[in-house]
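Hi,

Here is the structure I promised to pass on. Have a look at it first, and my notes follow below.

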Amino acid sequence: MKTQSLSVAVFCVMQTTILQSAQIQVSPEGEIQSLAEARDAVRGMRADGEKGDIDVVIQAGTYVLAETLVFGLEDSAPEGALTRYRAADGARPVISGGRVIDGWKRSDLADGKIWVADVPWAKGDGFFHVLFDGSEMLQRAQSETVEITNESKAGMYTGETAIRVNFGYEGDVLKEWSNLEDIELYGSPTRKWMVNFLPIESIDTVAKTGKLAIPASYRMAGPFVVENCIDHLDEAGEWVLNSQEGKLYYWPESGEPGEEITAPALNELIRVEGSNDAAAEGMGDKPVEGLVFQGLQLSHADRQKWTADDKGLQHDWNMWDKANGLIRFRGAMNCVVSDCLFTDSGSDGVRLDLFARNITVENSTFTNLGGTGVLLSGYGPGKKDVNQNNVVRNNEITEIGKLFLHSPGIFIWQSGHNSIAHNHVHDLAYTGVVVSGVRRRFFEPVFEQMGKKNPFKKWHFDKDAREHSRTIRWDEISLGDDIEDWNNYEPYMHARGNVIEYNEIHDCLKLLHDGNCIYLSGDGDDNIVRHNVTYNHPQGSMIRTDDDSHNNLVEGNLLFGTMGNQGITIKGLNKATGNVFVNCQLLTGGAGNTVDPDSELSRNVFYHTNTAFTDGFHYGMPDVKEGLDYNLYYHEGGRGEALLAAQKEASRTKLVDKHSVVADPLFEDHVHGDFSFKPGSPALELGIEPLTLEVVQKMGTLDNPFLKRFPEGVPMHFKHTDSKGKKKSELKQ
């Protein structure tokens, strides 16, 4: 791909010119002691005529940013050159947006176990939502569960703004606190595939009703907890911030506060921002180019605070063009993030917003973050498509989404032709990788303008609803007469042509519901999901093409069923071939659209040791035609023929599995990762593409691939691992 060749070219330049580049030294005791000073020094060198590479070499130490470090157009490297901000050899400099809290005094609360510090600056934009003790993300104080009620119909989770703002409640936990603006309700409004932190506008303790300051994602109902209220600071390890008093309260587990209690003072640490022109023609788009960040640790940005003006991506899993993250590219191209550690932060890791092309994020670790690991977010549905050809490669992404539990490891929204390869994504509360755009149901205002009835009336979204609607470029949308035909929407859906390959994704969905290892919805055409390995998924499918996902290829993936049997869920018109299903099934869904009868779901291998299910190796697809055929089924317990008969009986078309076979696939050595076929295997006659050892060896990161961690052999039955000790914030799902 073009992006890959560009990335290789950039790094060739980096490796061959590092010794001859101009250098600027940064150290805590040196002449230049901050990144801002270093940036300004680079500007001076460029102004004096330096056209070659410049290396800003950062020595070990902690560099605290007083404000977001912004790189603008004047910081672009000249054509053919790079400006690198890199760690000195053997060093891991820390770039922090935090502020160490000191001056603690013992209070008389909880028999003196709660300490207090003055933080008069922590109000307005200085208010913070996360606190660290060293690398430990501390738990903000929470109440016990409050049952939030709603007078609207229980089955309706979308709808008018009023059902997402107004609510009733049971019990006496909620009160008319004097610092109500500091306090939030935390939980999952109606649906368990996301969580909200919701500021409260008012509470009526007589009527037992309340009103939110901003709408919840969906109908405001379900179990919630109150966060950041002094009434509920009742456990060691918890804290509360009162902005009216300018005081921070903390109950340390050790008895006394340590010297590394750190609060974030910034929403974003580094922003690379050129000139962004929202017009479709983009005459004013001028990206920053040629910057490299290498070998750095970035920590201590604040958790997102949602506002009334935010624009939500799918299910509010993140916010569009939000000033949040440790490194944010917003109008940039030909830049690189390499060998960095993104940790100990309430924020996203790396964001690629609006215009972002040929950006590489690789060889890095993302962990202990409150939000998404890597987000690629272009413009909403319309004619502007400038977030593309980026590379996310060879990263480890684990234990992110510690606050916004729904945060994907990698989130591609309205961004296309990207390469997502060799990443190890694991131990998440929700989904590993998401590729999405906007579903047809959000275009109701266009239907009304055309005088057409809404064919998706099960869902209703205001034109000004936060999720998706505000991102749509309404003046650029023109649908054909058939408003149910996805082909009339696809030109506006820019998450197309992405290649998701050689990733290892496991232990997702530890706390929420209805998540996946790899998920596609409302995306453009021609995405490829191939040669990935997935396992330890407790429920739901591991790979899923959901509503309004069409013309994609799911090929040559290796899936190990664990607690549930769902391997790949196919909705829409898509192709799934050459996949190896170990103790899991092929299926569809039906909440929105379902599998297209003309989908090609052929030449896959289903290998079951002795699983207990009766509905077939695939199920729920009675209307699929002859495209569901030439599959190889095997059940070590001898139930293969009965299962094949069951799925044929369930078919209304009677066209499926006419040439499929029940037999041992005769793998070469599947226990050690070789799923190719021995001579005489029935798979060869069926034309099934083998999943060879050479392919499986490439799955996962380059230095710690999947098979390397199973030297004694890959278990056909993985044992699912539960989350590490739920806190009160992790509500029962």
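Lining the second largest cavity are Q304, W306, D316, W317, N318, D348, G371, T372, F404, H406 and S407. Please keep in mind that this is a predicted model. The space inside this second largest cavity comes to about 50 Å³. Sorted by class, its lining has six polar, three nonpolar and two charged residues.

How many cavities of 30 Å³ or more does the structure hold? There are three. The largest cavity has a volume of about 70 Å³, and 13 residues line it. Of those, R164, S217, Y218, F461 and A465 lie nearest the centre of the largest cavity. Five residues of that lining are charged, four are polar and four are nonpolar.

Now to the helix. Helix 5 runs over residues 640-650, and G640, L643, L644 and Q647 are buried in it. Looking down the axis of helix 5, you will find these buried residues within an arc of 100 degrees, so they line one face of the helix. What do they pack against? The partners are strand 53 (618-619), strand 54 (632-635) and strand 55 (661-662). On the face of helix 5 turned away from the buried side you will see E641, A642 and E649, which are exposed.

If you open the model, you could start with the residues around the second largest cavity, W306 and W317 among them, and then turn to helix 5 with its buried L643 and L644.

Best wishes

How values were computed:
Residues are numbered from 1 along each chain as its sequence is written. This is a predicted model: local features need pLDDT of at least 70, side-chain atom pairs count only at pLDDT 80 or more; totals for chains, interfaces and linings use all residues. Side-chain values use heavy atoms; hydrogens and water are left out. Buried means under 20% relative accessible area, exposed over 50%, partly exposed in between (1.4 Å probe, protein chains only). Helices (H or I, at least four residues) and strands (E, at least two) are DSSP runs, numbered from the N terminus. The arc is that of the directions from the helix axis to the C-beta atoms. Contact means heavy atoms within 4.5 Å. On a 1 Å grid over the protein atoms alone, a cavity is a set of points where a 1.4 Å probe fits but cannot get out, and a pocket is an open set with protein on both sides within 12 Å along at least five of seven lines; lining residues have an atom within 4 Å of a point. Grid points are joined across faces, edges and corners, and a volume is the space filled by probe spheres set on the points. Ala, Val, Leu, Ile, Met, Phe, Trp, Tyr, Cys and Pro count as nonpolar, Asp, Glu, Lys and Arg as charged, and the others, Gly among them, as polar.
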